[in-house]
Amino acid sequence: MEKNLNRRNFIQKTAVTAGLTTFGSLSMAANSVNTESGSQNNKLPREVWIASISQMGITAESSEEMVEKILQSMSELKAKSPDIICLPEVFATSNITKNYSLDEKVQVSLNAIEKISAYSRTNKCYTVCPVYTSENGE
């Protein structure tokens with residue numbers, strides 16, 4: 001048995017016995033769609049790794065501190081190489097002691113988006129980042 005067996009390798013090596021029929025049917029469905037459009041692809045669908053972060057037990061004084069704590073949690077996921085990371089709903093202003101007005105929450109969200117976007121670019125992943133927004137100044 002390999003010493004450095006990670007989750008991706010484990011799933012790839014056990015897919016033959018644990019779910020080949022599912023992958024096979026997905027592949028056949030993908031091929032039937034591709035065949036109709038004139039191209040045929042015999043590859044299995046690409047694996048997509050999704051991670052989510054729970055905010056349970058994470059508290060902070062301010063939104064800036066919360067964003068840093070969430071970024072730290074995201075950094076702990078690097079070893080798993082997720083393709084998508086899902087963050088908690090309006091995480092930047094949840095579980096914090098400081099109260100913000102709606103306008104301040106929108107500004108906090110814009111600042112959080114910049115930091116989360118930078119993380120996503122650097123780590124080549126997508127992040128679902130729920131935030132407050134405004135439309136026409138409201």
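**Notes on the predicted model**

1. Strand 1 and strand 2 run parallel and are joined by three bridges, where helices (H or I, at least four residues) and strands (E, at least two) are DSSP runs numbered from the N terminus, and two strands pair if DSSP finds at least two bridges between them. Within this pairing, Ser52 has Cys86 of strand 2 as its bridge partner. In general, the strands of a sheet pair through backbone hydrogen bonds, in either a parallel or an antiparallel manner.

2. On provenance, this is a predicted model, in which local features need pLDDT of at least 70 and side-chain atom pairs count only at pLDDT 80 or more, whereas totals for chains, interfaces and linings use all residues. Residues are numbered from 1 along each chain as its sequence is written, and side-chain values use heavy atoms, with hydrogens and water left out.

3. The sheet as a whole is open and has three strands in the order 1-2-3, with parallel pairing. Strand 1 (50-52) and strand 3 are its edge strands, each pairing on one side only. From one strand to the next the twist averages 20°, with axes taken as lines fitted to C-alpha atoms (for helices over the stretch in contact) and angles running from 0 to 180 degrees between N-to-C directions.

4. Four helices and three strands make up the secondary structure of the chain, and along the sequence they follow the pattern α-α-β-α-β-α-β. Taking contact to mean heavy atoms within 4.5 Å, residues 24 or more positions apart account for 68% of the contacts in the chain with a separation of 6 or more.

5. Of the 138 residues of the chain, 29% count as buried, where buried means under 20% relative accessible area, exposed over 50%, and partly exposed in between (1.4 Å probe, protein chains only). The chain exposes about 9,800 Å², and carbon and sulfur atoms supply 53% of that area; accessible areas come from the Shrake-Rupley method with a 1.4 Å probe, and for residues only the protein chains shown count as cover.

6. Which residues touch the most other members of the largest nonpolar core? In this core of 21 residues they are Ile53, Ile70, Met74, Ile85, Leu87 and Phe91, a nonpolar core being a set of buried Ala, Val, Leu, Ile, Met, Phe, Trp, Tyr and Cys residues joined through side-chain atoms within 4.5 Å. Helix 3 and helix 4 are the elements that give two or more residues to this core, and the largest share, five residues, comes from helix 3. Phe91, leaving aside its neighbours within four places in sequence, is in contact with Gln55, Met66, Val67, Ile70, Ala112, Ile116, Cys129 and Pro130.

7. The salt-bridge count comes to two, under the rule that a side-chain nitrogen of Lys or Arg lies within 4 Å of a carboxyl oxygen of Asp or Glu. One of them joins the side chains of Lys69 and Glu65 (3.6 Å, N to O), which both lie in helix 3 (residues 63-75), four residues apart, or about one turn of the helix. Lys69 is partly exposed at a relative accessible area of 32%, and Glu65 is likewise partly exposed at 31%.

8. A salt bridge also links the side chains of Glu68 and Lys115 (3.0 Å, N to O). Because Glu68 lies in helix 3 and Lys115 in helix 4 (residues 102-122), this pair ties together parts that are 47 residues apart in sequence. Glu68 is partly exposed, with a relative accessible area of 41%, and Lys115 is partly exposed, with a value of 37%.

9. Two backbone angles deserve a look, given that most residues other than glycine have a negative phi. Ser81, in the loop between helix 3 and strand 2 (84-86), has a phi near 50°, a positive value in a residue other than glycine, and its relative accessibility of 40% counts as partly exposed. Lys124, in the loop between helix 4 and strand 3 (126-128), has a positive phi of about 50° although it is not a glycine, and it is exposed, with a relative accessible area of 72%.
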